[in-house]
Structures are given as C-alpha cells and as structure tokens.
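Hi everyone, thanks for coming. I'd like to walk you through one model this morning, so please have a look at it with me.

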Amino acid sequence: MTRTGLESLLAGNARHVESLAADHFEGVREAQSPAVVSVSCSDSRVPADAVWSADGAGELFTSVNVGNQVWTEVDGRLVVNDAVGYAVSALKSTDVVVLGHTGCGAVTAAYETVTDGNVGDLPAAVEAAVSRLVPLVEEARELGVFASNTPGGEAVNRLVEYAVVRQVEYLTESDEIPEATDCWGFVYDFQRVYGDDDGAAYLVAANDESDPEALADVVPERFEERVRSIR
C-alpha cells in the first residue's frame with residue numbers, strides 16, 4: 001500500500017501549522033460569525049478560500065460541492081442547501097456568493113445529458129447532483145443560450161454563467177434567505193474565457209440583476225473590468 005498521499009497531507013498540514021500566527025484563532029476559538037458564505041465547486045482548480053484571499057480564521061464560511069449548487073433536494077423538492085441555510089440562519093451571514101467556474105465538469109455532464117441523452121455510469125450521488133442541473137440546461141436551450149451548432153466548450157461556459165445567475169435568482173426569491181441578504185454570482189476563470197487574468201472572478205449576477213450595464217453600477221469603479229457576460 002502506498003502512503004504517498006498520506007505523507008503529502010501530513011506534510012502540508014505541518015506547513016499550515018507553521019504558517020499560523022500565535023493569535024490566528026483569537027476571538028473565534030469558541031464561535032464564528034462570518035459575514036460571507038461562498039458556495040464553489042469541488043473542482044481541484046478552484047481554491048475556495050484563496051479566490052477571495054480569505055486568510056483570516058472565521059472570515060469566510062465555505063461550501064464546496066459538485067457544480068457549486070446552493071440547493072439540494074429534500075422530500076422531492078428543492079431547498080436551500082445545508083451550508084447556506086446554516087450560515088444565514090445560525091451564523092447570520094449577510095452575503096451569499098455563488099462561484100461557478102469555466103470548464104465545469106458537472107455542467108458539462110448536464111449538458112451532455114440533455115444533448116446526447118447519456119453521460120455514462122456515474123456514482124448515484126453524482127448522478128443526483130447532475131440531475132439538479134439538467135432543468136437549467138433544458139431551460140437555457142429553450143431560451144437560446146446555446147444552439148445545436150454552438151461548440152461544446154462554448155456552450156458549457158455559457159451554461160456555467162447561466163446556472164450561476166439562476167441560482168442567485170433562486171436564493172433571492174427563496175423564503176429561506178433573509179430579505180436583507182445580498183446574493184452575488186461570480187464565474188472563476190482559468191480558461192481565459194472572460195479575459196486574460198488567470199484566476200479572476202467575474203461578477204455575473206447581483207441579487208435579481210444580471211445585466212452587465214446595471215452590474216457595472218454596483219461595483220467600485222476600479223473593478224468595473226470584473227463585470228462580464230458571455231451569454
């Protein structure tokens with residue numbers, strides 16, 4: 001049995017321990033009150049905390065899952081997922097971030113399910129996660145977000161953005177999310193689809209707004225280049 005993976009994990013944790021200041025957990029050892037909950041994808045290329053340079057303990061509440069989904073299914077209906085629900089209800093987080101990313105495998109699987117009818121054998125939980133994205137793909141096709149002649153990679157990236165926007169709208173409309181909560185949608189770009197800056201997060205939705213011109217009025221002037229849309 002190889003223990004290379006275990007050794008790598010332990011060595012990485014040792015570096016983490018050495019990097020922490022003595023007062024790193026002061027003020028949050030007994031409780032947390034992060035202002036922001038961020039939902040991102042499990043993709044190994046998307047660093048959930050580092051995207052926002054969230055280095056402080058208790059600064060960011062993170063949820064990582066297949067396809068950066070803010071919802072899950074309970075008793076046959078979609079509900080706000082456990083991480084977001086806990087953050088806004090128990091921790092009183094005031095901002096929810098939905099962070100999609102270019103080249104998303106979950107969105108690709110949902111796209112292939114709709115266009116090809118089959119993506120092969122998937123573990124049951126993964127299949128369930130992908131199935132929750134399929135209605136968005138079908139909806140997007142009806143709206144012309146992509147067409148039969150749209151190249152696959154381009155279609156997927158348009159769908160990534162569409163899925164982020166629709167999930168932000170879902171949160172904004174949900175009775176489970178306090179009315180004063182701000183919901184933001186971003187796409188993390190490592191394929192240079194939105195621009196040439198590797199690792200840039202582009203704002204594509206703010207509460208019930210997704211028009212780039214309107215979004216440009218929301219962000220500080222120095223970040224206007226981080227408002228883009230490819231839909």
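Let me start with a term: on a 1 Å grid over the protein atoms alone, a pocket is an open set of points where a 1.4 Å probe fits, with protein on both sides within 12 Å along at least five of seven lines, and a lining residue has an atom within 4 Å of a point. Points are joined across faces, edges and corners, and the volume is the space filled by probe spheres set on them.

Now the ground rules. This is a predicted model, where local features need pLDDT of at least 70 and side-chain atom pairs count only at pLDDT 80 or more, while totals for chains, interfaces and linings use all residues. Residues are numbered from 1 along each chain as its sequence is written, and side-chain values use heavy atoms, leaving out hydrogens and water.

So, the largest pocket: its volume is about 420 Å³.

Rings of Phe, Tyr and Trp (its six-membered ring) pair if their centres lie within 6.5 Å; planes under 30 degrees apart are stacked, over 60 edge-to-face, and the rest tilted. The whole structure has six such pairs. Trp52 and Phe186 have ring centres 5.0 Å apart and planes at 65°, so they are edge-to-face. Because Trp52 sits in the loop between β1 and β2 and Phe186 in β6, the pair ties together parts 134 residues apart in sequence. Buried or partly exposed? Phe186 counts as buried at 16% relative accessibility, while Trp52, at 28%, is partly exposed; the cut-offs are under 20% for buried, over 50% for exposed and partly exposed in between, with a 1.4 Å probe and protein chains only.

Last stop, the second largest pocket, with about 160 Å³ of space. Its lining includes Thr113, Asn118 and Leu122, and helix α4 supplies the largest share, three residues.

Note on methods
Helix = DSSP H or I, 4+ residues; strand = E, 2+ residues; numbered from the N terminus.
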